[in-house]
Amino acid sequence: MALLLAIESSCDETAVSIIRGEPGHAAEVLASEVSSQIELHREHGGVVPELASRNHSLHLRGLVEKALDDAKVAMPDIDAFAATIGPGLASSLLIGSTAAKGMACALGKPFLGINHLEGHLLSPFLDRTSIPPHLALIVSGGHTLLLDVEGPGVYRKLGGTRDDAAGEAYDKVGKMLGLPYPGGPEIEKAAREGNPAAFDFPRSMLADPHLDFSFSGLKTAVLYTLQREQGRVSVPDLAASFQQAVIEILVGKTLKAAKQARRKVIAVSGGVSLNKALRSAFESACAAKGYEFVTASPHLCTDNAAMIAFAALIRHLHGESSPLNEDIHPNLPLV
Ligand code: KG4
Ligand code: ZN
């Protein structure tokens, strides 16, 4: 049995989680605090790194205290401390990782530096007793990544985006449509009232045999439509047509990857996987082709510390730890 405390501060959410687990049992999340800075960054139309790190340091201590309170445990009961060490904003990563190292050092406990993407990747399995071999799609604001997963720590990259990430495309199109930041949830909301067949946007690279993605052509097609229609365009129709293209590309490429890798389980994670239309498109496509579809519960899709604690728990139970002088890595790759 191990008790872990993890901090996530790679971008604009400050998060602390306490998790308990042992081999062969589903992990138990005892606390998961998230302090979102979305409102703060909204007036700037995107994340301002300086504001983000200042707010991480302002909120972190209170969140750690609240997590210990919620979990009804005392600091000395924690067996190991973890934090995201990359990828992300350097000044934000430093706040969380330095705090976790400080606690580990003061209490003489191990520290684990965790890759944010591994947190997303494993999050769909947090309530399960084991992680089966599977095909994974990570779709977030910074990444669109297809991976063949043999088991925890054994990953093979099959494809990734050659330009914008899917979430980034949502956010940029949201901005073009005059919707508040972040664009993802706003486009999903607008799309509910729109016709997904109103505009025939490109499904870039969908028919190509490789497993890479490209979303910049789609983004430009939306921009040209807006310029051509000069204010006469229906925002819900445009949002629904854009979203339909994204969904077809993501589902099409992921199923192609699962077939190539001969996996029967498909797991989708990351902020964009919160999108209900995307989830239901995956559900029906997987049911039709005989794949098991696994995704994280909604509160684990966007950035949180429970996913970091879970990735750290798996490594800790395997006897792994990181040196206390482990640096942050803003461009840390997963594979
Ligand atoms: O995983 P995440 O919280 O942070 C990163 O690691 O990037 O993902 C944030 C991204 C943003 O681009 C946001 O617009 C997108 O996830 N997102 C959504 C939805 N909710 C968040 N995209 C589409 N539909 C949503 N409902
Ligand atoms: Zn993320």
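Reader: Are phenylalanine 199 and phenylalanine 201 buried or exposed?
Author: Both phenylalanine 199 and phenylalanine 201 are buried, a word that stands for under 20% relative accessible area, with exposed meaning over 50% and partly exposed in between, for a 1.4 Å probe and protein chains only. This is a predicted model, in which local features need pLDDT of at least 70 and side-chain atom pairs count only at pLDDT 80 or more, whereas totals for chains, interfaces and linings use all residues. Residues are numbered from 1 along each chain as its sequence is written, and side-chain values use heavy atoms, leaving out hydrogens and water.

Reader: What makes the aromatic pair of phenylalanine 199 and phenylalanine 201 stacked?
Author: Their rings lie 5.7 Å centre to centre with 15° between the planes; rings of Phe, Tyr and Trp (its six-membered ring) pair if their centres lie within 6.5 Å, and planes under 30 degrees apart count as stacked, over 60 as edge-to-face and the rest as tilted, so the label applies.

Reader: How do you know that phenylalanine 293 is buried?
Author: Phenylalanine 293 has a relative accessible area of 18%, and is therefore called buried.

Reader: Why is α2 called roughly parallel to α3?
Author: Helix α2 (residues 49-71) and helix α3 (residues 90-107) pack at an angle of about 25°, with their axes 8 Å apart. That makes α2 roughly parallel to α3, because angles under 35 degrees count as roughly parallel, over 145 as roughly antiparallel, 65 to 115 as roughly perpendicular and the rest as oblique.

Key. Chains are lettered from A and ligands numbered from 1 in the order in which they are written. Axes are lines fitted to C-alpha atoms, for helices over the stretch in contact, and angles run from 0 to 180 degrees between N-to-C directions. Helices (H or I, at least four residues) and strands (E, at least two) are DSSP runs, numbered from the N terminus.
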